[in-house]
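Thanks for coming. I will take one structure today and go through a few parts of it in turn.

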There are 2 protein chains.
Amino acid sequence: MSEHPRRRGRRNRSADADVDKIVQPTARINPYNLASVEQEQQIHDMSMRILEEAGIAFYDDEAEARLRAAGVAVDDDQIARFDREMIDELIALAPSEFTHTARNPDRSVIIGGDNVAFAPVAGPPFVHDIDGGRREATLDDLTNFVKLAYLSPHLHVSGTEIVVPGDVPFHERALDIGYTHYKYSDKPTMGHYPIGKCAADSVELARIVFGPERVASEHVLLGVINVSSPRRLDDRMLGVVHEYAKANQALVITPFILAGAMGPAAILGTVAQANAEALATIAYAQLVNPGTPCIYGPFLAVVDLQSGAPVFGASESVLAQFLVSQMSRRYELPFRAAGQYVTSKVPDMQAGYESAMSMFPSMLAKPNFVLHAAGWMESGLTTSYEKFVLDLELSGVYLRFLQGVSWDDDEWAIDSLLSVPPGGHHLGTEHTMGRFRTAFHRTDHLDYNSFEQWKFNGSVWSDRRANHAWKEMLERYEMPPLDDTIDEALLDYMARRRPELDPTDFQ
Amino acid sequence: MSEHPRRRGRRNRSADADVDKIVQPTARINPYNLASVEQEQQIHDMSMRILEEAGIAFYDDEAEARLRAAGVAVDDDQIARFDREMIDELIALAPSEFTHTARNPDRSVIIGGDNVAFAPVAGPPFVHDIDGGRREATLDDLTNFVKLAYLSPHLHVSGTEIVVPGDVPFHERALDIGYTHYKYSDKPTMGHYPIGKCAADSVELARIVFGPERVASEHVLLGVINVSSPRRLDDRMLGVVHEYAKANQALVITPFILAGAMGPAAILGTVAQANAEALATIAYAQLVNPGTPCIYGPFLAVVDLQSGAPVFGASESVLAQFLVSQMSRRYELPFRAAGQYVTSKVPDMQAGYESAMSMFPSMLAKPNFVLHAAGWMESGLTTSYEKFVLDLELSGVYLRFLQGVSWDDDEWAIDSLLSVPPGGHHLGTEHTMGRFRTAFHRTDHLDYNSFEQWKFNGSVWSDRRANHAWKEMLERYEMPPLDDTIDEALLDYMARRRPELDPTDFQ
């Protein structure tokens with residue numbers, strides 16, 4: 001290839017986005033590279049071998065036809081074998097950075113480059129609070145979590161099913177989930193995308209909010225495509241790729257692999273497989289619509305091989321993520337990093353360890369997008385009200401970490417260093433007084449009091465403080481303005497659409 | 001300097017240590033470098049400027065005389081100003097790796113290079129368990145924790161005051177602390193070293209256990225020297241330097257700085273100060289006895305500038321540690337990294353977050369020695385029985401992480417990758433079956449059960465599981481053999497020594 005196509009599609013920021021207005025954190029530290037350049041090449045080569053020799057199944061007729069038309073070898077079992085040059089050319093069409101547009105333009109975020117965006121947990125059918133324990137989640141719970149996510153400066157994307165609203169029929173959920181986010185938040189939203197029909201409804205709602213022209217030219221939705229590892233995309237996931245990509249919306253390409261089950265019980269093999277699956281899916285999305293933004297984001301955990309249970313926050317997952325994050329930089333694709341994953345069933349000390357052990361390493365993996373940054377509990381089956389609040393605290397700490405060290409003169413405090421006498425202190429220096437509010441990041445619900453003060457305050461454990469905090473947040477929540485015309489149009493569409501929807505189409 | 005002295009004193013492993021027998025983890029991953037080479041040089045230059053212009057106070061007459069004799073400029077306020085060439089020459093005498101000898105030679109550890117050793121918390125006057133809450137610690141508690149540390153494969157050094165035995169008078173503690181470690185553990189011990197007289201008694205006990213000849217040629221004790229930041233060593237700490245260094249014992253040089261109080265409210269200034277203080281102290285130890293092993297280990301945390309409270313696990317501390325760890329590699333000195341520090345008063349979710357946020361980054365900072373790897377609670381004022389056990393679990397996870405990724409053929413699982421069909425699974429493959437016990441690290445007290453199984457088991461939070469675990473560990477503890485002659489000699493010495501000790505000498 002004399003002219004590498006990589007440079008063509010890159011940096012296609014949305015025309016309308018005023019990036020100067022975007023208040024969004026950036027990562028100012030270098031990422032950690034676990035592999036050498038040669039080892040990185042070995043991973044790439046192994047992934048290419050998987051794509052060329054073993055292939056990826058595309059269980060969908062439209063996909064099969066499109067792949068064949070593009071010259072990909074698809075066998076009778078709908079397994080596509082790509083050659084590496086085609087993969088190279090296609091993934092180069094995916095932008096390395098794009099804007100995820102919010103209905104409030106000040107809240108749009110850039111995904112890619114040095115930019116970072118955090119989103120809350122997605123997908124749990126259960127909800128937990130320490131007052132009542134665990135129960136099935138409802139639309140009221142989803143509304144609560146959209147409000148909590150809206151209030152936090154540390155979440156930049158409103159998300160999707162922060163909990164699954166179990167009281168809404170499956171086939172109507174795209175309507176209620178979409179409306180709840182647009183109504184109670186003005187941050188960028190992701191839509192609802194378990195199957196193509198839901199994704200299509202999500203696009204329709206977006207057209208009402210943004211107008212069809214803007215949806216055609218901007219990226220206002222972001223859908224997660226879970227490759228069914230090993231090496232399989234089914235018609236449900238491909239349906240979502242089709243709806244979102246054709247509508248110019250963005251995708252997160254996430255092979256979900258528990259090493260030892262959907263991948264080998266080995267770190268390198270799992271990484272090579274995940275990389276192959278991600279690249280094939282991103283390549284396919286470019287065939288559907290060249291330039292479709294795709295976040296590269298394998299989700300790698302391990303199974304406890306003696307019980308079969310998934311384990312989050314394991315050291316093997318952390319090592320595997322460092323490798324895939326390095327691959328994302330090789331391909332110049334935005335990277336989705338691990339969030340605050342835990343296996344614990346309650347907001348206890350295990351949950352705290354696992355959460356930090358899962359997410360802190362992501363900060364050294366050059367994260368562009370972090371889904372599940374708050375609320376994830378019980379291997380993703382439950383959203384915890386208390387953990388949501390405490391995870392937000394830690395998200396703030398992580399975002400401060402990503403700022404790195406300022407190398408300004410003021411950060412040396414040279415006058416203080418030379419003038420404070422031995423055994424003296426810096427509490428009252430001019431330098432300290434000048435920055436005592438800003439020098440160090442503060443949290444709200446982590447307790448730094450003395451034991452005596454903590455005891456005086458009631459000896460409250462962090463889960464109980466968090467219980468108080470989320471209730472206080474919901475009390476002070478104020479809805480961001482939403483144009484009445486849009487609100488009514490959304491409600492009209494939903495009312496008109498509900499009777500049209502046939503539950504059997506969604507099975 | 002035509003012949004750099006650095007190469008002379010290095011690698012002075014103890015003559016007797018059979019390193020082949022040492023079962024000790026190593027770090028096989030590269031450390032993370034936060035600063036560029038130029039930035040690293042800037043930190044070095046600023047530290048040298050502090051040493052040359054502002055100086056370090058040595059409040060001790062013996063130290064003053066020794067410094068003057070060596071040609072260091074000491075002013076009337078006992079502030080020593082070093083020139084950078086002398087610092088360079090002296091720190092080059094400190095070995096980059098040494099053996100910390102245990103009474104059981106199989107348990108000796110190498111400190112430095114790629115080797116890693118974890119030790120339990122040191123210094124808390126209080127103890128906490130969830131049955132009875134917080135109370136003053138006793139010798140029985142210390143005995144319990146020495147037993148727990150002995151039982152754990154993830155602690156390699158037995159430590160010192162895992163709790164302060166408050167029921168033993170201060171001036172007798174070196175005897176009881178030393179005896180408790182030698183009696184109930186055969187791992188390397190650190191002695192008791194708040195002042196020189198205690199350190200001297202620790203050396204005497206070691207001479208009984210190892211014989212005077214071995215103590216003269218091996219390093220069987222390891223004392224922590226806390227520089228009283230800013231820029232001050234008092235007669236208590238210098239007394240310990242004198243006793244340990246003259247007796248050929250090893251030191252951990254730890255400027256303890258809460259940025260904003262004992263250092264400026266700035267990361268770079270705090271790092272430059274800590275580096276200056278550590279280097280001056282290491283240089284001074286070489287004047288006392290050239291070749292004295294010194295672990296380079298600043299302890300950096302921040303104060304909450306609005307309440308004055310210390311904060312552990314802050315992102316600023318993590319950034320600062322990445323910088324000092326980089327400096328330790330520049331000077332080719334063993335590095336002491338942060339342990340599982342928390343401000344939380346109880347083993348709750350905050351404690352889990354803070355613990356991981358403090359210690360996981362240490363794993364990327366090339367840790368050679370990690371003090372406070374288990375049990376630390378309440379800003380170091382309390383040792384928690386439950387957190388001790390849970391911290392051990394995480395220590396195991398961290399040690400696995402340090403092993404990195406094997407780049408062997410078997411780690412690619414190439415046959416499985418190519419032969420498991422799309423949508424199949426790897427649970428039953430030959431590759432998985434061959435390694436299902438070893439592929440992934442397992443923990444004992446982190447719960448990976450399903451919600452239903454967890455509920456069936458009693459819905460137990462992690463602190464309650466840990467409560468059960470430490471009691472079970474104490475029940476199954478079996479004392480390692482200790483030669484009767486040594487045991488009696490230790491008891492004789494203690495009985496003889498107690499009446500000699502004058503409490504007023506220890507004030």
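How many residues of chain A are in contact with chain B? This is a predicted model, and in it 95 residues of chain A are in contact with 97 residues of chain B. On the side of chain A that touches chain B, the most comes from helix H12, residues 349–363, which gives nine residues. By type, the residues of that side of chain A divide into 55 nonpolar, 24 polar and 16 charged.

Next, helix H9 of chain A, residues 235–246. Does its length fit, or what should we expect of its 12 residues? At 1.5 Å a residue they should span 16 Å, and the end C-alpha atoms are 16 Å apart, which agrees. H9(A) is largely enclosed by the rest of the structure, because nine of its 12 residues are buried. Those buried residues run from A:Met237 and A:Leu238 through A:Gly239, A:Val240, A:Val241, A:His242, A:Glu243 and A:Tyr244 to A:Ala245. After H9(A) comes A:Asn248, with a positive phi near 70°.

Where is A:Pro334 found? It sits in the loop between helix H11 (315–330) and strand E15 (336–337) of chain A. A:Asn275 is 59 residues from A:Pro334 in sequence, and their C-alpha atoms are 14 Å apart in space.

Terms used: Residues are numbered from 1 along each chain as its sequence is written. Chains are lettered from A and ligands numbered from 1 in the order in which they are written. This is a predicted model: local features need pLDDT of at least 70, side-chain atom pairs count only at pLDDT 80 or more; totals for chains, interfaces and linings use all residues. Helices (H or I, at least four residues) and strands (E, at least two) are DSSP runs, numbered from the N terminus. The expected span of a helix is 1.5 Å times one less than its number of residues. A residue is buried if 20 or more other C-beta atoms lie within 10 Å of its own, exposed if 12 or fewer, and partly exposed in between; C-beta atoms are placed from the backbone. Two residues are in contact if their C-beta atoms, placed from the backbone, lie within 7 Å. Ala, Val, Leu, Ile, Met, Phe, Trp, Tyr, Cys and Pro count as nonpolar, Asp, Glu, Lys and Arg as charged, and the others, Gly among them, as polar.
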